[in-house]
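Me: I would like to learn how to read a model of this kind, feature by feature. Could you take me through it slowly?

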Amino acid sequence: MPHETWLHKTLKRCYLGYASLERTIARQRARIATLKDGDANTTFFHLQCSYRRQKNRVHSLVVEDRVLTEQTDMAEAAFSHFDNLLGCGIDRECTLNLDDLIAPTEDLLGLDADFTEVEIWGAIRRLPARKAPGPDGFTAEFLQACWPIVKQDFLAVFRQLDALRGRGFHRLNQALLTLLPKRPDAQLLGDYRPISLVHLVGKVAAKILSLRLAPRLDNLVSKNQNAFIAGRCLHDNFMLVRQSMRLLHQLRLPRVLLKLDLAKAFDTISWSFLFEVLRRYGFGDKFLDLLAILLSSANTRVLLNGEPGPPIWHKRG
């Protein structure tokens, strides 16, 4: 019967669509990026997801020689820890003569240009795939697939940023901070690696500014800094230190090697000092204002065992 054939094809098409959606969701929850999209072994993904959930679950925390096991107590301890780290500004006790340290050599006023649709789409296309969603629940794959539908909304947001109107932008610049154990017997908050899951709009805005700045970093940053700069290798500094130690050992001369621990330097940087340095390098007013909107409107909730805590309003970092 024609109607029965049509119904059979329709049901089969719906079933295949739901099965594909189930595989996609299971793969995303499992957080495995090394397998191809065609892998349909959902049992493996569910087992991996259960293993990750159990491994990343925080069962207890040691805070000031006290063992906390209740969810509310651990959440309060985590909030207090990261609020002191990110949500409390500290007055600077000293300053630097930046005129003697920084000599502007690059024209950076071109970074103040308005956002364009091509630039926004280019940043969206370069967002990493298969990453955990932020507070909005959307991933880069969703934004790329549905760009014709949400494009006008995104363009409206970036027109507001072009006009430096950041009122209400905090709703689009939220993040969830999840804790991943660095070691199997993690007990202290320092034993966990904080990972930020950022709202897509804030992520795209920061991506555009970073893509604008990337071609100029080679001239702005000293050659001794090798991390996070295209064309440079972090292992070069390791080789330099090793060869220097060998040379000093052969010369048999008394020397001192100083190793500085810059732990949490990225999270505790002073905003006033940051803008002083950037202004001395020659960054334009609009670029600094956009950066100020992204920083001042950011707020973070600590996600502990799947439950988000109260917002932490950033004042440094």
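The dialogue below goes through cysteines, salt bridges, strands and a helix pair.

Me: What should I know about the model before I start?
Reply: This is a predicted model, in which local features need pLDDT of at least 70 and side-chain atom pairs count only at pLDDT 80 or more, while totals for chains, interfaces and linings use all residues. Residues are numbered from 1 along each chain as its sequence is written, and side-chain values use heavy atoms, with hydrogens and water left out.

Me: How many disulfides does the structure hold?
Reply: A disulfide is a covalent bond between the sulfur atoms of two cysteines. With the criterion of a pair of cysteine sulfur atoms within 2.5 Å, the structure holds zero disulfides. Cys14 has a relative accessible area of 39% and is partly exposed, and Cys233, at 36%, is partly exposed; here buried means under 20% relative accessible area, exposed over 50%, and partly exposed in between, with a 1.4 Å probe and protein chains only.

Me: How many salt bridges does a search of the whole structure find?
Reply: Side chains of opposite charge can pair when their charged atoms come close. Counting a side-chain nitrogen of Lys or Arg within 4 Å of a carboxyl oxygen of Asp or Glu, the search of the whole structure finds seven salt bridges. In one of them Arg212 pairs with Glu119, with the closest N and O atoms 2.6 Å apart. That pair links distant parts of the chain, since Arg212 lies in helix H8 (residues 200-213) and Glu119 in helix H5 (residues 117-125), 93 residues apart; helices (H or I, at least four residues) and strands (E, at least two) are DSSP runs, numbered from the N terminus.

Me: Is Arg212 buried or exposed?
Reply: Arg212 is buried, with a relative accessible area of 11%, whereas Glu119 counts as partly exposed at 23% relative accessibility.

Me: Which residue forms a salt bridge with Arg232?
Reply: The partner of Arg232 is Asp218, and their closest N and O atoms are 3.0 Å apart. Arg232 sits in the loop between helix H9 (217-220) and helix H10 (235-251), and Asp218 in helix H9, 14 residues apart. Arg232 counts as buried at 16% relative accessibility, and Asp218 is partly exposed, with a relative accessible area of 34%. Salt bridges that share partners also join Asp114, Asp162 and Lys286 into one network.

Me: Why is strand E5 described as largely enclosed by the rest of the structure?
Reply: Five of the six residues of strand E5 (residues 299-304) are buried, so the strand is largely enclosed by the rest of the structure.

Me: Which strands pair with E5?
Reply: Two strands pair if DSSP finds at least two bridges between them. Strand E3 (residues 174-181) pairs with E5 in the parallel sense over five bridges, and Leu177 stands opposite Val302 in E5. Strand E6 (residues 307-313) pairs with E5 in the antiparallel sense over five bridges, with Arg301 opposite Pro311 in E6. The hairpin of E5 and E6 has two residues between the strands, and Asn305 there takes a positive phi near 55°.

Me: Which residues in H5 meet H7?
Reply: Taking contact as heavy atoms within 4.5 Å, Glu117, Ile120, Trp121 and Ile124 in H5 meet Trp147, Lys151, Leu155 and Phe158 in H7.
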